[in-house]
Amino acid sequence: MFKFFKKQRGAMFGLDARIALSIFAGLSVVTGVSMIQILKDNRTDKILFLHEKVSAALEVMQEDLEANPDAFLANTGTRFKDTFLALYDESMVAAAYRSKWLGPYLREDRNRRTEEMYQLRIRPMPMTLTGINNCTATHEMNGECYHFLFIGDATVPLPQKIKDDVNEALDGPGEVNPDTNGSVRWDTNSLYIRMGLTMRS
C-alpha cells in the first residue's frame, strides 16, 4: 500500500500545481478588474484636479488684469482657445493689459492635449439657461455668466463614465437631466465644468 502512494506523488504534485495556477489565474482576473476601475477613477480625479487648478489660475489672472477675457484678449475671434492660452502665454493678452499680466498662471502648456488626448478651452456660459449656450451682454451685465472649463473634442470624445463621475462629484447624485443642468454639463464630445468667478460686468 505504501508503495502505491509513493507512486502517486507525481500525480498529486500535478494536481496541486493546477490548483495553484487556477488560484493565480483567478487573482489575475480580480486584479485586472480592480486596476481598470482604479484607472477610471484616476482619470476622473485628474479632471477634477485640473478643474481646481485652472479655476484658481483664471481667478488670479482676472484679478490682476481687472477685466473679462473679452476685453483683455488680443484676438477675440478665438476667445474660447485664447482665454486658456492667456494663462501661460502673454502674447494672447492685448498690449494695453500686458503690464498687468503677472503670469504664467499655469506652468505647462496643457492646451495642446491632455494625457488622455482631450483639448482644453475656457468658455463663458449663462447659468440661467440649461444646456450649452453662449453668454450675451445681458447675461454678463446681470452677473449670470460664468466661465466653464471645456474639456474634449470630436477626435477623442470623453467617455460617458467620466462625465457621469465628474457630475456626481460636483453636482451630486440623482440630478434631473444632469447633462443640461448644474455646474457640470456635457454634449456628445465634450464636458463643461463651471469655474468659480462670474464674468465681470
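Which helix is His139 found in? Select residues 137–141: this is helix α5, and His139 sits in it. Helices here are DSSP runs of H or I with at least four residues, strands are E runs of at least two, and both are numbered from the N terminus.

Before going on, a word on the model: it is predicted, local features need pLDDT of at least 70, side-chain atom pairs count only at pLDDT 80 or more, and totals for chains, interfaces and linings use all residues. Residues are numbered from 1 along each chain as its sequence is written, and side-chain values use heavy atoms, leaving out hydrogens and water.

Stay on His139, which is buried at a relative accessible area of 11% (buried is under 20%, exposed over 50%, partly exposed in between, with a 1.4 Å probe and protein chains only). Leaving aside residues up to four places away in sequence, His139 touches Pro126, Thr128, Leu129, Asn134, Glu144 and Cys145 (contact means heavy atoms within 4.5 Å).

Next, show the open sheet, whose four antiparallel strands run in the order β1-β2-β4-β3. β1 (120–126) and β3 (184–186) are at the edges with a single partner strand each, so one side of each lacks a neighbour in the sheet. Strands count as paired if DSSP finds at least two bridges between them; β1 and β2 (residues 145–152) have seven, in the antiparallel sense. Pick Arg123 to find its bridge partner in β2, Phe148.

Finally, select α6 (residues 160–171), which packs on the sheet and touches β3 and β4 (190–198). Within α6, Ile162, Lys163, Asp165, Val166 and Asn167 are buried. Gly172 follows α6, with a positive phi near 90°.

Note on methods
Axes are lines fitted to C-alpha atoms, for helices over the stretch in contact, and angles run from 0 to 180 degrees between N-to-C directions.
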